[in-house]
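Please open the structure in a viewer and keep the selection tool at hand.

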Amino acid sequence: MKKHIANILTGSRLVIAAFIVAIYYMSENWFWWCLGLFVFGCLTDVVDGSFARAFGTVSNFGKLFDPVADKVMMVSIIFVFAADGRIAWWVLCVVAGKELTMMLVALLLKNKVGTTVSANWVGKSATVLFSIAVVLAAFKVPYNEYVVIAAVVWTLVAMVQYGVKYLLNVKKDKPADGAAE
């Protein structure tokens, strides 16, 4: 059972994302429920990786599944707060476009080259910064939009950094010119 706990925690973020959107549309008291679920989801993100490393259950599936769950949950809370006017719609468009691009490229590379580029400190720090930005925007803290903009910029920096890492992996795994395949 230990080998599945990290992936179960990761999967819970997909369920949380669905609940965040559903609760927004179904409950007058959506704010605290959605924010609470988001914070809980952020905690599962910390716990699942720590658990997988502590018990030696890190897997390529988990390396792909974890960031997807993170992105889906992040986009769901940004959507809800954009719909409520707490976060600008352009933020949702940029983040959703960036995340979709990264997921498609990651899947393409996994299928084409067989490589998995796992998360690193740049991507993780972008997720943490965005989580903080979302909470500040939730409470309409003065100047929170600057933290949101910084989070958008940092998440784009992370995308470029991952792109370079992906390209280096593709180049490394590609046969040299004239080599037999």
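The stops below concern a predicted model.

**First stop: helix H5.** Select residues 121–138, which form helix H5. This helix has 18 residues and reaches 25 Å from its first C-alpha to its last, close to the 26 Å expected at 1.5 Å a residue. Next, colour its buried residues, among them Val-122, Ala-126, Phe-130, Val-134 and Ala-138.

**Second stop: the two ends of H5.** At the start of the helix, select Asn-120: one of its side-chain oxygens reaches to within 3.0 Å of the backbone nitrogen of Val-122. Then move just past the helix to Lys-140, which takes a positive phi of about 50 degrees.

On the H3 side, the contact is made by Lys-71, Met-74, Ile-77, Ile-78 and Phe-81; on the H5 side, by Thr-127, Phe-130, Ser-131, Val-134 and Ala-138.

Is Glu-99 buried or exposed? Its relative accessible area is 6%; because buried means under 20%, Glu-99 counts as buried. A polar contact of 3.2 Å joins its side chain to that of Lys-98. Beyond its neighbours up to four places away in sequence, Glu-99 touches Lys-71, Val-75 and Thr-155.

Definitions and conventions
Residues numbered from 1 in each chain as written. Predicted model: local features only at pLDDT ≥ 70, side-chain atom pairs only at ≥ 80, totals over all residues. Heavy atoms only, no water. Buried < 20%, exposed > 50% of the residue type's maximum accessible area, 1.4 Å probe, protein only. Polar contact = N/O pair within 3.5 Å; in protein donor to acceptor, adjacent residues only side chain to side chain. Contact = heavy atoms within 4.5 Å. Helix = DSSP H or I, 4+ residues; strand = E, 2+ residues; numbered from the N terminus. Expected span 1.5 Å × (residues − 1).
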